Structures are given as structure tokens and as C-alpha cells.
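Good morning, colleagues. Please look at the sequence and the structure on the screen, and I shall then take you through some of the side-chain contacts.

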Amino acid sequence: MANFSGKLNTIAQDTDSYLKSVFSKQNSKSHLIKPMKYGVFSGGKRFRSAIVVNTGKIFRIDYKKLIIIGSAIECIHSYSLIHDDLPSMDNDDTRRGRPSSHKKFGEWQALLGGDGLLNASYSLISKVSPQNIPHLLKYFSWCVGAKGLILGQALDLSGEMTKSFENVKLTHTLKTARLIQASLVGSLILCDKEYTFNEYKSLH
């Protein structure tokens, strides 16, 4: 267990180092960069990045590519947490023992900071091998968009989640499990296997 924990720490450190190098190139005076950095460097364990890396090792994928994809997923995850905490959504004042982003910076900066992280994730995906980019973008858009994580958020906030046990399962599948699914399948897409989009979607 200690050895596995050490590996998780290394992946988390490498993910953070890569993200810091990305954000160091941004305008430090921007109203966006501070809430973006505050959201993405919030003390998370980088669990999803670890899934990407450890899955990718099975297929012998280049470590740097895996860190890039893991970083993209961590940006998506952080964006979703910033938005979840907003007054118009879950209205949470704290996140991981700190003021939530809208409490720290105000609602409009938190909202746009979350938007910035979501878009940053696609910018990161564009840095991997050109042949992988279309498949990754299409798959990640499905996982995160109006048929994935965002739909899960809508089901949660609309009250539809509580109307049936099936809706509870669907909400958690879309809002939580879909991003973990992206962490697993993202590595497979880097293998250049000849799978169709529907085959990628069917993998759990």
C-alpha cells in the first residue's frame, strides 16, 4: 500500500508540475488566471490522473502524453467543482477546507474561471499526437457535455434525480463515473487502436 501511495504522490506531483508550467505562460494579471489556479490547485489527490497514467502503462504509452491527458481531466474535474459550489447550484461556501472559489473571488470570476478550466482542458488535449486529437476531443466532449457530466449536473439541480432510483444511478453515472470512464478510455485512445466511437462509448 505504501508503494502504491508513493506512486500516486509522484503522479500528483508530475501533474501539478505540468499544470504549473502551463499556467505560468498565462497573463498573471488576468481576472481569470487567479480563480483558475485556485480551483485546479486545491489539494486534490489527482486520482483521475493516476488512473490515466496507470492504465496507459499497460499499453506502454509515453508518460508525458499520459500526464497531459491526466492534466486535462483534472482541469475538467476542477471546473465542475467550481461550478457545483456556485450559489445558483449547490451553494457551498467551502471546498477541501478552504473558501470555495466564489467566496474567494466573487461569483462572476468563479464562473468564468471554471469556464476557463474547461476550455484549457481541450487546449491540453490538442498537445498530444495529431492522429489522436479528433478521437480524444469527440470522446471527451461526449463524457463532459450535454450527454455526460453537464447533463448529470442538470438532473441533480432540476430535482429529476430524486424521482426514481434509476435517475439516481443515471445522475451519478453522468456526473461522477463518466469522468472516471474518460480517465480509463483516454489512455486507450492514445494506443491508435481501430475502434469506432460507439465502441469507445461502450467501454466502462
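This is a predicted model: local features need pLDDT of at least 70, side-chain atom pairs count only at pLDDT 80 or more; totals for chains, interfaces and linings use all residues.

I begin with S42, whose side chain makes a polar contact with the side chain of R96 at 2.4 Å. By a polar contact I mean a pair of N or O atoms within 3.5 Å; within protein, one must be able to donate a hydrogen and the other to accept it, and residues adjacent in sequence count only if both atoms are side-chain atoms. Residues are numbered from 1 along each chain as its sequence is written, and side-chain values use heavy atoms, with hydrogens and water left out.

Where does S42 lie? Its place is in the loop between α2 (33-40) and α3 (47-58); helices (H or I, at least four residues) and strands (E, at least two) are DSSP runs, numbered from the N terminus. A polar atom of the S42 side chain also lies 3.3 Å from the backbone oxygen of G39. Leaving aside neighbours within four places in sequence, S42 is in contact (heavy atoms within 4.5 Å) with R96 and R98. S42 counts as buried because its relative accessibility is 10%; buried means under 20% relative accessible area, exposed over 50%, and partly exposed in between, with a 1.4 Å probe and protein chains only.

I turn now to charged pairs. The structure holds eight salt bridges, each being a side-chain nitrogen of Lys or Arg within 4 Å of a carboxyl oxygen of Asp or Glu. In one of them, the side chains of R46 and D16 meet at 2.7 Å, N to O. R46 lies in the loop between α2 and α3 and D16 in helix α1 (residues 2-23), so this pair ties together parts that are 30 residues apart in sequence. R46 also forms a salt bridge with E74, the closest N and O atoms being 3.7 Å apart. As E74 lies in helix α4 (residues 63-85), that pair ties together parts 28 residues apart in sequence.

R95 lies in strand β1 (residues 94-95) and D85 in helix α4, so the pair ties together parts that are 10 residues apart in sequence. R95 is partly exposed at 26% relative accessibility, while D85 is buried, with a relative accessible area of 2%.

Finally, the cysteines. How many disulfides does a search of the whole structure find? It finds zero, a disulfide being a pair of cysteine sulfur atoms within 2.5 Å. For C75, the nearest cysteine sulfur is that of C143, 16 Å away, which is too far for a bond. C75 counts as buried at 1% relative accessibility, and C143 is buried with a relative accessible area of 2%.
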